[in-house]
Each structure stands twice: as C-alpha cells, then as structure tokens.
Amino acid sequence: MTQYEKLSRSSSSEIKMLGQFKAASVNVLLGKYGPAKTAFDAVQKADSDDSGAVKMKLLAKIGGARCSAESGDATASIATILEIIKNEDPSDMRLFGNAYNALGHCYVKDGQKKAALLAFLHTDVLYQRDAEIHAEAL
C-alpha cells in the first residue's frame, strides 16, 4: 500500500493516477470504502486526457460507484455502471470485467441476488482470460 502511495506523489500524471487507482483498489479489498472513494475521485479529476488516462478514469468511476454502493447508495451506483456498459467498447476486457464485477457487488448490496449472479456470470463467461477479474467473479 505504501508503495502505491509513493506512486501517487509522482510528478508524472499517468504514474500519479496509477498509484491513486491501485491504492484505492487495495482499500476496497480492505473494506475501507471512504478512502477508496476519495482516491477514485482524485483519479477521475486528473488533468490528463490521453487514451490511457480516459480508460483509467472509467475504471476509477466504476470503483467509485462500487464504493458508493458499499456505503449505501446502490441504486445510483448500478445506474452509473450500466451507463458505462452501455456506452463503452465491450471488447475492452479489463474495463468490462471490472464493470460487471462491480455491478455484481452493487446488486448484492441492493439485495438483488439473481441480478448479482448474472453480472458475475458475465465476467465468468466473457472475460475469463483475465485471471484476477475472473477469480473475483467466482
């Protein structure tokens, strides 16, 4: 975790975004949704707009939505993630695998167990080549 925090203090905006995103992801795994949401929000506000930064901002938006759901706002989080799924390229395995996994977690928090199962199954069937994303779905 401290290594990611060192990255987030970099002068390079891309490395800074990566460090903030990774630190936020670790906080999600630790159940620290407040600090994770803050870091995801910082990634979304970054100045960089190249293709890698746009993708990182979308991943951070998904992560932030999951944090909001874990903090009690599952309905809005579900809508946010569904909007990303609707508008982005489904061939982006990392983005969509993360989106469907986060959607599954949001549905669980909203009490929609069948919808959660279907979201996780999307990842299992369609995005299984990414081992980390696939393992989370299972």
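Student: How many salt bridges does the structure hold?

Tutor: Five, in this predicted model.

Student: What makes Asp 49 and Lys 57 a salt bridge?

Tutor: The closest N and O atoms of Asp 49 and Lys 57 are 3.0 Å apart. The cut-off is a Lys or Arg side-chain nitrogen within 4 Å of a carboxyl oxygen of Asp or Glu, so the pair counts.

Student: And are those two residues buried or exposed?

Tutor: One of each. Asp 49 has a relative accessible area of 60%, and exposed means over 50%, so Asp 49 is exposed. Lys 57 comes in at 16%; buried means under 20%, so Lys 57 is buried.

Student: What about Lys 55, which bridges to Asp 92? Why is Lys 55 called partly exposed?

Tutor: Its relative accessibility is 32%. That value falls between the 20% and 50% limits, so Lys 55 is partly exposed. As for the bridge, the closest N and O atoms of Lys 55 and Asp 92 are 3.3 Å apart. The pair links distant parts of the chain, with Lys 55 in helix α4 and Asp 92 in the loop between α5 and α6, 37 residues apart.

Student: How do you know that Glu 70 and Lys 109 form a salt bridge?

Tutor: Their closest N and O atoms are 3.9 Å apart, and the limit is 4 Å, so the pair counts. This one also joins distant parts of the chain: Glu 70 sits in helix α4 and Lys 109 in helix α6, 39 residues apart. Arg 66 belongs to the picture too, as Arg 66, Glu 70 and Lys 109 are linked in a network of salt bridges.

Student: Why is Glu 70 called buried?

Tutor: Glu 70 has 19% relative accessibility; the limit is under 20%, so Glu 70 counts as buried. Lys 109, at 45%, is partly exposed. Leaving aside neighbours within four places in sequence, Glu 70 is in contact with Tyr 33, His 105 and Lys 109.

Student: Over to helix α7. What puts its buried residues on the same side?

Tutor: The buried residues are Ala 116, Ala 119, Phe 120 and Thr 123. They cover an arc of only 90° around the axis, which puts them on the same side of α7. In general, an α-helix has 3.6 residues a turn, so residues three or four places apart point the same way.

Student: Which helices do those buried residues pack against, and which residues are exposed on the other side?

Tutor: They pack against α6 and α8. On the other side of α7, Lys 114, Leu 117, Val 125 and Leu 126 are exposed.

How values were computed:
Residues numbered from 1 in each chain as written. Predicted model: local features only at pLDDT ≥ 70, side-chain atom pairs only at ≥ 80, totals over all residues. Heavy atoms only, no water. Buried < 20%, exposed > 50% of the residue type's maximum accessible area, 1.4 Å probe, protein only. Helix = DSSP H or I, 4+ residues; strand = E, 2+ residues; numbered from the N terminus. Arc of directions from axis to C-beta. Contact = heavy atoms within 4.5 Å.
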